[in-house]
Amino acid sequence: MALGLSLVTERTEAGAPVVDAESDESIAHIQPDVSIVLGEGPAEGPGTLYVTTRRLVWFSNDDVHKGYAVTFIALTMHAISRDVEAYPEPCIYTQIETGKEDDEFEEDDDAEEPLPAEINGSVSDLSLVEEMRLVPKDPSVLDHLFQVLCDCALLNPDAEVDQEGEADWIFDEDEVLGNGIGAKHENNNVDLNVDLAELLHHDPRFEDAEEEDSDSK
Amino acid sequence: MLFFSYFKELVGKEVVVELKNDLAISGILHSVDQYLNIKLENTRVVDDTKYPHMLSVKNCFIRGSVVRYVQLPPDGVDVDILHDATRREARGG
C-alpha cells in the first residue's frame, strides 16, 4: 500500500469509505465530530473519522468530495497530545511516512521543508504532509481512540524482513579461531590448541632424523 | 524474538527512542510487541527543534519499522547476559 496521505473522494451511500475486502479491510471504529489538521494548516471540519483495519479515513461532513486517508503502514507514530502549548485542543497527534524524507542528496531547502504549500488556506500537496492531528469535539474519547489506533496498527505489520540470524555473524576471536559459527572443521589438519612454546622448541618435525647410516653428520 | 524478550525486561524503565527521521523521544517504556512497536508514557522530545509540536505528548505508539535506535539506561543492561543471548540466538537456538 502507498505511503503518505491521499485524497479520497469516493464514499458509500451511507457516507462511509469504500473498503477493500480483498485486503481484509473492514471498518473498526467510527468517530463522529472530529476535525483534522494537516501539517501547519488550519483545522478542517467538522468531519467523521473512520478507522478501518487498514487505513485511517477522515471525511468532511460539509463537502462530500473531501476526504483524506492514510494507511497504517505509513503511520509511523501516534500519540495523545494534551499540551496546550503544542496545540490548543487535546488531540491525537500523528506522524506520517511520506517516503520523501531522504534528503541526503538534496540540498534544496524547499525539499527539506516538511510543510506543504498552502494556497487559500488549503493544502496543495497531500503527499508531503508529515504531521496530522485529529481533534475530537469531545476530548474524553481520546483514550479510546488512541487504543483503537494501536490495535489497528498491530494488524498492519511490515512485510517479512530478512532475519539477520542467517548471516554469518562473528562475535569474537574465539569463534573466528574455529570454535564457533562459520568455522570449518573438515580439513583441519592443524591442532590449534597446541602450545606455541612447545612448537618452537620441541616440534617433533625438527628433531634430528634417526639415522641408520652414520656418514652424514 | 531476542529483542522482543529483551525489551520486555525493560518495561517500566526510561529509554530514548530515536526514529529514522531523526526525532528522538524519551519516555517510560510501557510495552513492546513482536514487531518491536513501542509504546511510551510520559514522553518528552529530546531535541524539540525539528518537531516542536510534539513537546509534551503523554502516551505514544511508535511503529517498530521506523525505530533507528533505542537508547537504554546504563543500569538496565547486563552486557554479559545480552552477549550470551545473542550468541545463542545466532546459532539458531
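A: First a word we'll need: buried means under 20% relative accessible area, exposed means over 50%, and partly exposed is in between (1.4 Å probe, protein chains only). This is a predicted model, where local features need pLDDT of at least 70 and side-chain atom pairs count only at pLDDT 80 or more, while totals for chains, interfaces and linings use all residues. Residues are numbered from 1 along each chain as its sequence is written, chains are lettered from A and ligands numbered from 1 in the order in which they are written, and side-chain values use heavy atoms, with hydrogens and water left out.

Q: OK, chain B then. What share of its residues count as buried?

A: Chain B has 93 residues, and 44% of them count as buried.

Q: And what's its secondary structure?

A: Two helices and five strands, in the order α-β-β-β-β-β-α from the N terminus on. Helices (H or I, at least four residues) and strands (E, at least two) are DSSP runs, numbered from the N terminus.

Q: Which residues of helix H1 of chain B are buried?

A: B:Leu2, B:Phe4, B:Tyr6 and B:Phe7 are buried in that helix, which spans residues 2-9. Their cover includes E2, strand E5 (67-71) and helix H2 (79-90) of chain B.

Q: What does B:Ser26 touch?

A: B:Ser26 sits in strand E2 of chain B. Leaving out residues up to four places away in sequence, B:Ser26 touches B:Glu14, B:Val15, B:Val16, B:Leu40, B:Asn42, B:Thr43, B:Arg44 and B:Val46. Contact here means heavy atoms within 4.5 Å. B:Ser26 counts as buried because its relative accessible area is 4%.

Q: Which side chains make the salt bridge?

A: B:Arg63 and A:Asp158, at 2.8 Å from N to O. The count between the two chains is one, taking a salt bridge as a side-chain nitrogen of Lys or Arg within 4 Å of a carboxyl oxygen of Asp or Glu.

Q: Which strand of chain B pairs with E6(A)?

A: Strand E4 (residues 57-62) of chain B, in the antiparallel sense over four bridges. Strands pair if DSSP finds at least two bridges between them. A:Ala79 stands opposite B:Cys60 in E4(B).

Q: B:Asn37 next: buried or exposed?

A: B:Asn37 counts as buried because its relative accessibility is 7%. B:Asn37 lies in the loop between E2 and E3 of chain B, and its contacts include A:Leu154 from the other chain.

Q: Over to chain A. Where is the cis peptide bond?

A: From A:Gly45 to A:Pro46, with omega near 5 degrees. A:Pro46 is in strand E3 (residues 43-52) of chain A.

Q: How many bridges join E3(A) to E4(A)?

A: Five, and the two strands run antiparallel. They form a hairpin with two residues between them, and A:Thr48 stands opposite A:Phe59 in E4(A). On to the next strand, E4(A) pairs with strand E5 (residues 67-71) of chain A in the antiparallel sense over five bridges, where the bridge partner of A:Phe59 is A:Gly67.

Q: How many residues of E4(A) are buried?

A: Six of its six residues. A:Arg55, A:Val57 and A:Phe59 point one way, and A:Leu56, A:Trp58 and A:Ser60 the other way. In a regular strand the side chains alternate between the two faces of the sheet.
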